[in-house]
Amino acid sequence: MKRILVFTNSKDATADVVMNLATNIECIRFDSDKIQSSNISFDCVGGGQCDAIWYRRPFEFTIKSKTVETFVCQQEWEEIVWNYFLQYPQEKWINYPTRNWYADRKIVQLQQAPFFGLPVPQWIVSAKKVEIKRFIQKNGDSLVKPLSTGYIPFGRNLYHIYSTPIKDVDLIFAKNCPTLVQRIIDKRYDVRTLFVDGKTLFFKLESKNLDVRMDEMKDVKYDVIKPPRKIADSYNKFIRFFGLRFCTSDFVVDKKGNWFFLENNANGNWAWLEEHFPGLVVNHFVNSIKV
């Protein structure tokens, strides 16, 4: 039986789904926000007895310290946890943290994808309004999207930034903020992938919205599809370049059937797909892990 160490936080819904539904696997969970109260043995964590470390999202919801003493204590706990976890060799991580960091850089993704045979929509990143206007005049209808993340926790609120059609009036923010602009693809549907150790599920997402995440995805229609062989082969080469064992990626398919790579999420969420394909998604994740 595979033994997986889940390195995450107590609010991680994706880890919850795997812990509750996965079979033929032993999961040991370590929640970073419960370090001091954790009863997990560091002998197990540091002793190499697990087949893989699933690096989810540790330290994402760290509680702010109210005193210098609690701050120092928290820092020391985090340091000892990282030192123990890093005793595992890189090949056991899904994924190793520095590989996640590199693979999540969107400009790098857009630059590298065409080298491996993955077409991308025309794009530009600029903080100059005149350059963005020139791009739109040349390429037609375009959208703006964030470079870092579309989910912004600020204070007690969580804000969403969607891919949005850009108009001249919207360009005012480009004066102070680097802006990623892409040509809008006349799409037939979107595609979301779930890649685990060389095996990939491709999910077709049909939506009337430019960004399928809008309206809480309530009108999205789902299906499992097979991509063109060329796209599948190119995608595998692209993922190997970044050295990833796991990722989720987004594509868009136009009305002529052409595929365009949009972005890769080295540590993306995927458990919401289990609701639409009970058993398929979790089993794919668990069974694809090589030990």
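Modeller: Gladly! Keep in mind that this is a predicted model. Ring pairs join Tyr102, Phe116, Phe195, Phe202, Tyr235, Phe238, Phe241, Phe242, Phe251, Trp259 and Phe261 into a cluster. Across the whole structure, a search finds 30 aromatic pairs.

Biologist: How are the rings of phenylalanine 116 and phenylalanine 238 arranged?

Modeller: Planes over 60 degrees apart count as edge-to-face. Here the planes of phenylalanine 116 and phenylalanine 238 meet at 75°, with centres 6.3 Å apart, so this pair is edge-to-face.

Biologist: Where in the chain do the two partners sit?

Modeller: The pair links distant parts of the chain, 122 residues apart. Phenylalanine 116 is in the loop between helix H5 (106–112) and strand S5 (123–126), while phenylalanine 238 belongs to helix H7 (residues 229–242).

Biologist: Is phenylalanine 238 buried or exposed?

Modeller: Buried means under 20% relative accessible area. Phenylalanine 238 has 0%, so it is buried, whereas phenylalanine 116, at 21%, counts as partly exposed.

Biologist: Which charged end sits over the ring of tryptophan 101?

Modeller: That is arginine 105, 4.8 Å from the ring centre. In another case, lysine 204 lies over the face of tyrosine 189, at 4.8 Å from the ring centre.

Biologist: Now a polar residue: what does the side chain of threonine 248 join in a polar contact?

Modeller: The partner is the side chain of arginine 192, at 3.1 Å. Threonine 248 lies in strand S14 (residues 246–254) and is buried, with a relative accessible area of 0%. Beyond its neighbours within four places in sequence, threonine 248 has contacts including Tyr235, Asn264 and Trp270. Tyr235 is also part of the ring cluster.

How values were computed: Residues are numbered from 1 along each chain as its sequence is written. This is a predicted model: local features need pLDDT of at least 70, side-chain atom pairs count only at pLDDT 80 or more; totals for chains, interfaces and linings use all residues. Side-chain values use heavy atoms; hydrogens and water are left out. Rings of Phe, Tyr and Trp (its six-membered ring) pair if their centres lie within 6.5 Å; planes under 30 degrees apart count as stacked, over 60 as edge-to-face and the rest as tilted. Helices (H or I, at least four residues) and strands (E, at least two) are DSSP runs, numbered from the N terminus. Buried means under 20% relative accessible area, exposed over 50%, partly exposed in between (1.4 Å probe, protein chains only). A charge sits over a ring if NZ of Lys or CZ of Arg is within 6 Å of the ring centre and within 35 degrees of the ring normal. A polar contact is a pair of N or O atoms within 3.5 Å; within protein, one must be able to donate a hydrogen and the other to accept it, and residues adjacent in sequence count only if both atoms are side-chain atoms. Contact means heavy atoms within 4.5 Å.
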